[in-house]
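Reader: I would like to go through a structure and ask what the terms attached to it rest on. Please show it to me before we start.

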Amino acid sequence: MENSEGVKIESTVVTEEPLISALDIALFVVIITVAYFWYFKRDKQSSSSEKKPYTIQPSSLSSIEQTSNSSFIKKLKSTGRSLVVFYGSQTGTAEEFAGRIAKEGARYKMKGMVADPEECDMADLVEMKEIQKSLAIFCIATYGEGDPTDNAMDFYEWLQNGDADLEGLNYAVFGLGNKTYEHYNEIAIYIDQRLEELGATRVHEIGLGDDDANIEDDFVSWKEKLWESVCSHYGIEETGEESNIRQYKLVDCSEVLPERIFSGEISRLKSYENQRFPFDVKNPYLSKIAVNRELHKSGDRSCMHIEFDIDGSKMRYDTGDHVAVYPKNSSELVDKIGELLNADLDAVFSLLNTDEESSKKHPFPCPCTYRTALTYYSDITSNPRTHIMKELIEYASDPKDQEKLKLMASSTPEGKKEFHEWILRDNRNIVHILEDLPSVKPDLDHLCELLPRLQCRYYSISSSPKVYPKSIHITAVLVNYTTSTNRVNKGVATNLLAQLIPTNDELPQPTIPIYIRRSQFRLPPKSQTPIIMIGPGTGLAPFRGFIQERDYARKEGREIGEMVLYFGCRKKDEDFIYENELQEYVANGTLTKLHLAFSRDQPEKKYVTHLLEQNADELWNIIGEKSGHLYVCGDTRSMAKDVHSIIVKVVMEKGQMTNSQALNYVKKMEQQKRYSADVWS
C-alpha cells in the first residue's frame, strides 16, 4: 500500500514542479552526514565498552569483527606471542589439534594462538619475520577428492595464485587425511611444498595423519618430534612438565534471563524461531520431515527414505549435492553423565576464553544449560583422544584409575597399546569411561570444554531438484552395533532420524536443522553423454537423483544418453532398495541397463565388481569409444579401490595400453571430471 501510494503522489507532483528541489538535496546531505557520524560513533563505543562475562555472542564473528580482527600479526605483536597455529578443519579435529599445539607452546617459551585462516588476512604471513623466533604451524585437513576444507579454501587459492615473498617465515605442517582415499593428504602436502617454494623455512618435516588407522597416534608422534626440531632450530629448552591449564573459565549464569539462553542453536540466538536466509553451516534451516519410510522389505537391518521439506526456504540444490544434518545426543546418554557426576544438568553456565585476544570467546554458544551443551554441542559418543585421558587424571581418586589414565595418555608403546585396545578396539566413549572408572569425577564444565564439538552428518542427496524442487531426499542406513563390552552403540544422526516420523493429524511435524553442501559430483553438461553409475547399497542415493534428472529431460523431449547402473545388495527380497522405481526406469527407457548383484542369494558371494569384470566391453565402449562419464559412490576402503583397479585393467586390455598409459588415461578422466567418486570410509 505504501509503495503504491508513493507512486501516485510522485506522479501527481511531477506535473506541478521538479521532482527534487534544492531544499530536498540539502536535507538529504544533512541526513546522510548525521547517519554516517552516528553509525561510526556507535561502532566505536560498542567496541570499547566492557563485555559482560556471560556475553551472548555466537561462536562466529560478525563481518565487522572479522575485518577488525583479520590481522593476526597485530595480535601476535600486541600480546607478545610468537607462535600461531592455523587450522583447516571440516569436522573439528584439525581445530582441536591446533589448540593442543598452541597450548603446549608455553612449555617452550612460545606463547601461542589459534587462528582460522578464513578470518585472517593470510598475506600478513610476509610479516612473520618481524617477530623474533616466530613460528607458523598449519594443521590442515583434506576432505572429499583432494579438496581444501571450507575455511581453508581462500588460503589455498591465495597460495595457488600469489607469489608472496615468504623468506623469513618459519613453518611446519601437519595433515589430516585418510589413506583409503586416492588424494591422501593432498592439500597439506601442497601447502607444505608451496610455502617452501615461496621462500619459507621448514622447521620440521610434514606430518601425515591417517584417520583410517589411528590419527591420534600419528599426531602425538609427530608433535613430540616437532618440539625437538623447534628446540634445535631456535636454541631453546623445554621449561618443564606441561600443566593442565584451562582454556576457558566457568561463569555462573543463573541470573541470565531465559530469552538470552541458547537452547541448541548453532550460532545465532533464537535462530530456529526467527529463520533468516541464507542457510549455511552456521545458520541451518529447521526443516520439517515430510516423509520417513522403511526401504528394506525384511531382515534385521533398517534403511530409511527421508524427505526434508524446504518449501519456502529459498534453498536450492543441484543433483549430486550433499545435505548436512545436525543431530543431537540421546537423552539417555546425557542423563547418564549427569547421574555419574551427580550434576545439575539444568544449571545455566558459560565458558569464557581466558585469552581475551582470541576471536573464539566460547567453545560453543553460551550461556546455556549443561543439558543443552551435552545434547547439542558436545560429542559424547566418539572415542576420546589421549589428551582427554591426560586431563581426567587429576579427577581420579582411585590410584588404579589414575595409573590407567596415565598409561593411556603416555606415548610409550605400552600406553599406545592400552589406548588402542581399551578405547578404540572396545569402542568406549566418555560415558563408558566414566562408568568403568568410577572414581573419575571431572567437573562438568571442564568436561564440556574438553569434549569435541558435535558435528553435522553429511548425506548424498537422492533426489533431483527438477523433479522435487521443494524437498530433499536422503537414503540412510540405521546404525546400531554391539561392542566387545556388550554395549549397544547407536549412530547419533540415524537413530534420531528414525524417531522423526511425520503424523497425519494436525500436530506439529518433526523438524531437524539442515543445510546444503555443494559437491563436484555432477551429471555431464550434455544430456546426450552416456554414463555408467556404480553404487551398491546406499551408494545408489545420488544416482537416484541422476536418473530422475535424465528421466525429466526425456519427458521434455530431449535426447538422453545411455545410462548404465551397477547396483548390489545382500538379498533381493530383503534390501533391494527402490526396486520398483528402477524397474520402471528400465521399462520406459531412461535406464538403459541395470546390472544387479545380490551377494547372499547364492552359495558364492557376488558383488558389483564381479559384474564389472564380466562387462569389460560395455565399460570400454562407454568410457573409451564414446568418451562417457563414470561415477562411483559407496565404501572407499574396498569397493571404490577395487573399481578403480578394474577400470585401469579394462583400459589396458580394451584400449591396448600399457599399465602406465592406462593409469594416465584414468587420471586424465578424473581431471576432466569424467571419472568421479563420492565415497566414504
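**Terms and cut-offs**

Author: The structure holds 40 salt bridges. This is a predicted model, in which local features need pLDDT of at least 70 and side-chain atom pairs count only at pLDDT 80 or more, while totals for chains, interfaces and linings use all residues. Residues are numbered from 1 along each chain as its sequence is written, and side-chain values use heavy atoms, with hydrogens and water left out.

Reader: What makes the pair Glu579 and Lys297 a salt bridge?

Author: A salt bridge is a side-chain nitrogen of Lys or Arg within 4 Å of a carboxyl oxygen of Asp or Glu. For Glu579 and Lys297 the distance from N to O is 2.3 Å, so the pair meets the definition. Glu579 is in helix α19 (residues 579-588) and Lys297 in the loop between β9 (285-294) and β10 (303-309), 282 residues apart. Helices (H or I, at least four residues) and strands (E, at least two) are DSSP runs, numbered from the N terminus.

Reader: Why is Glu579 called buried, and what is Lys297 called?

Author: Buried means under 20% relative accessible area, exposed means over 50%, and partly exposed is in between (1.4 Å probe, protein chains only). Glu579 has 15%, so it is buried. Lys297 has 43%, so it counts as partly exposed.

Reader: How do you know that Glu618 and Lys593 form a salt bridge, and what does the pair tie together?

Author: Their closest N and O atoms are 3.2 Å apart. Glu618 lies in helix α21 (residues 616-625) and Lys593 in strand β21 (residues 593-598), so the pair ties together parts that are 25 residues apart in sequence. Glu618, at 14% relative accessibility, counts as buried, whereas Lys593, at 40%, is partly exposed.

Reader: Why is Asp379 said to have no salt bridge?

Author: Lys and Arg count as positive and Asp and Glu as negative; His and the chain ends are not counted. The nearest side chain of opposite charge to Asp379 is Arg457, 5.3 Å away.

Reader: What makes the link between Asp379 and Ser382 a polar contact?

Author: A polar contact is a pair of N or O atoms within 3.5 Å; within protein, one must be able to donate a hydrogen and the other to accept it, and residues adjacent in sequence count only if both atoms are side-chain atoms. The side chains of Asp379 and Ser382 are joined at 3.0 Å, so the value is within the cut-off. The backbone nitrogen of Thr381 also lies 3.2 Å from a polar atom of the Asp379 side chain.

Reader: How do you know that β1 and β3 pair?

Author: Two strands pair if DSSP finds at least two bridges between them. Strand β1 and strand β3 (residues 135-143) have 6 bridges, in the parallel sense, so they pair. Phe138 in β3 is the bridge partner of Phe86. Strand β1 also pairs with strand β2 (residues 112-115), again parallel, over 4 bridges.

Reader: Why is β1 called largely enclosed?

Author: In β1 (residues 83-88), 6 of the 6 residues are buried, so the rest of the structure largely encloses this strand. Leu83, Val85 and Tyr87 point one way, and Val84, Phe86 and Gly88 the other way.
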